[in-house]
Amino acid sequence: VFFYYLDMDWGEVAEKPLKKKARKAVVGFELLPGAYRPQLVDVQNLLLRVFTSEYGENPKWACVRGMNNVRSAVVFLLPCLDTEVLRANREATPNMTRLMTSAGARRMRSAGEIEWFADKKESSVGNRALRILLSAKAKPAVSWRKSSVTASQSPAPTRPPLKVYLASADERARSGYPTQSEAGPGWVYTSTATSEDPTQRLDEVNAATPGLDPDRSNLFGLDCEMVTTASGPALVRISLVDVDGAVVLDQLVRPEEEITDYLTEFTGVTADSLKGVETSLADVQTRLLQIVSKDSILVGHSLENDLIAMKLVHERVIDTVLLYPHPRGWPVRNGLKGLSGNYLKRKLERKNGHDSVEDARTAMDLALLKFEKGPGFGTTAGESVPLGRLLRSAGTCLSVTDRAAPECHVRMSWCLEDCRVEAASTKCVGETVAKETTDGTRTGSVTTSPREVHFVVCRELEDRVQDATGEDLPLCLARVDQQVCQVLSGLSEKDLFVFLTGFGVDRKSQNGVDKGTSRPEIGLETGGITGAFGVFTIGGPGAACQPVETGRQPVVVSAPPPQRELVTYDV
């Protein structure tokens, strides 16, 4: 027997590193089973979750695999289209029909989300949906680290000055407050001093009570009522109260133009109420400038409407809409009646319409309650910020392709912050997006980034609805279908594609369907949404438009019509 001895220092033997197989970057998107119907805010949350690490939550209605590998997302907005119109025009829309019947299709509920903008006289449905998507909600960071300072050692809390509650320039721009650059003939501006001082009594009270904020004497509660004329809303009543609720000014106003609708159920004003009233808007402006100065603080609910009605430019405002944001974030707003009941435990009686004096006092009381409780009181949601700002913080670019870009940019300047806007023609929308997604590089006002979120607003159907002499519906749909095909052809396996329709526009309830044909028409009448749907899928050759397996009913077409959800808002 031979034994071989190998003299070796085993400690010097180096372990050979194992070679790991490189994993292929796979991106996948799957809708989870269930009856949940996403909203536009859910689409926004999905984009934040995929393209940022700080904002957005994991969607409970969908599963995204390899979200860090998603290169870009294209959100195609097509207002005024529902499933019934699409089903009746299958031959003209092969691509959109395959999308509607694909596994990534899901019925949407977006009617209630844009209802608020109807009060803002925003006629474009596409603009309403775009505002929702571009107005993000940034939740504040929460620290779970326990403080080493005990309650007995912590200093007594101090109340912040009233000026911290003033609406910032960013918030005023977001809400549509008037500015001097936008004001025209007949507008007035508050000066630095007033000719009389009705708050002298309040100054004496503040002097006798040290510790009160000096701005307290500058507070005025304001509320206005408006009627409808041929040119639009017009001021009919103005009410101004001081910090104690005492009436400083309460005046009926006769509009210059003939009143077409008194809106008595809201204003409480009738034709008999204005008998003998000769006060004009100019008279009210003169009287108001004698009371309110540039240092005054106007308190109210949705004050931008009151300032526009008075044709007054004033910067120091405290808006209860901003003090008590809606849990769903901007642009959804809490109504004054709901805020009064929830926080003041006081019910506003409105059987005979709104009382502007009562509303002004309610807004003042809500503001005083906020001052007493602190800035965190009544705040259940994160701050509303432009979507582009959040995406930019994560190194992602945001762009919008819309032929109405110049008009859109003026009306939604706040929403389009850090966003590149392209005024592409309607016929070139598909080619533009397909070219950009293929190139993989972006140039423009925002920083070049390998990741991008791109919104495409297709206004073909919306234009046809608003134009009574528009082209034939199948021809219009066929052109839109070709644009969708061009966008899909430019997507890769790392691109997310979102196709959204509807947005609260319903088919005509009576004359919407031509009984002589099987093709339904579409209209802008309000009513229950009949079939808004969305498609969520990953791009790539043939992946976007794969039909569902044989025997399976399409999720969108077979689902029952959803109940309409409205955002309550007290006007």
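# Reading the labels on a predicted model

Colleague: Tyrosine 55 is found in the loop between H1 and S2. What makes a run a helix or a strand?

Modeller: Helices are DSSP runs of H or I with at least four residues, strands are runs of E with at least two, and both are numbered from the N terminus. By that count the protein has 19 helices and 19 strands. This is a predicted model, where local features need pLDDT of at least 70, side-chain atom pairs count only at pLDDT 80 or more, and totals for chains, interfaces and linings use all residues. Residues are numbered from 1 along each chain as its sequence is written, and side-chain values use heavy atoms, with hydrogens and water left out.

Colleague: Why does tyrosine 55 count as buried?

Modeller: Buried means under 20% relative accessible area, exposed means over 50%, and partly exposed lies in between (1.4 Å probe, protein chains only). Tyrosine 55 has 16% relative accessibility, so tyrosine 55 counts as buried. In the protein, buried residues make up 50% of the 571 residues.

Colleague: How far apart are tyrosine 55 and alanine 136 in sequence and in space?

Modeller: They are 81 residues apart in sequence and 9.6 Å apart in space, C-alpha to C-alpha.

Colleague: Tryptophan 61 also lies in the loop between H1 and strand S2 (62-65). Is tryptophan 61 buried or exposed?

Modeller: Its relative accessible area is 5%, so tryptophan 61 is buried. Its C-alpha atom is 7.7 Å from that of proline 38, 23 residues away along the chain.

Colleague: Which residues touch tryptophan 61?

Modeller: Contact means heavy atoms within 4.5 Å. Leaving out residues up to four places away in sequence, tryptophan 61 touches Phe29, Leu31, Leu32, Tyr36, Pro38, Asp42, Leu46, Arg106 and Phe536. For the protein, take contacts between residues at least 6 apart in sequence: 73% of them join residues at least 24 apart.

Colleague: Why is H1 called oblique to H5?

Modeller: The axes of helix H1 (residues 40-51) and helix H5 (residues 125-134) come within 8 Å and cross at roughly 40°. Axes are lines fitted to C-alpha atoms, for helices over the stretch in contact, and angles run from 0 to 180 degrees between N-to-C directions. Angles under 35 degrees count as roughly parallel, over 145 as roughly antiparallel, 65 to 115 as roughly perpendicular, and the rest as oblique. That makes H1 oblique to H5.

Colleague: What is the hand of the crossing where H1 passes H5?

Modeller: It is right-handed. A crossing is right-handed if the near helix is turned clockwise from the far one by less than a right angle, and left-handed if anticlockwise.

Colleague: Which residues make the contact of H1 with H5?

Modeller: H1 brings Leu40, Val41, Val43 and Gln44, while H5 brings Ala129, Ile132, Leu133 and Leu134. They divide into seven nonpolar, one polar and no charged. Here Ala, Val, Leu, Ile, Met, Phe, Trp, Tyr, Cys and Pro count as nonpolar, Asp, Glu, Lys and Arg as charged, and the others, Gly among them, as polar.

Colleague: What makes H12 and H13 oblique to each other?

Modeller: The axes of helix H12 (residues 336-344) and helix H13 (residues 356-373) come within 10 Å and cross at roughly 45°. H12 and H13 are therefore oblique to each other. H12 passes H13 in a left-handed crossing. In the contact, Leu336, Leu339, Ser340, Tyr343 and Leu344 of H12 meet Asp359, Thr362, Ala363, Asp365, Leu366 and Leu369 of H13. These residues divide into seven nonpolar, two polar and two charged.

Colleague: How do you know that the buried residues of H12 line one face of the helix?

Modeller: Leu336, Leu339 and Ser340 are buried in H12. Seen down the axis, they fall within an arc of 100°, so they line one face of the helix. The arc is that of the directions from the helix axis to the C-beta atoms. Their cover includes helix H11 (320-323) and H13.

Colleague: Which residues of helix H9 (residues 281-291) are buried?

Modeller: They are Leu281, Val284, Gln285, Leu288 and Ile291. Their arc is within 120° down the axis of H9, so they too line one face of the helix.

Colleague: Where does cysteine 80 lie?

Modeller: Cysteine 80 is in the loop between strand S3 (72-79) and helix H2 (83-87). Its phi is positive, about 75°, although cysteine 80 is not a glycine. At 2% relative accessibility, cysteine 80 counts as buried.
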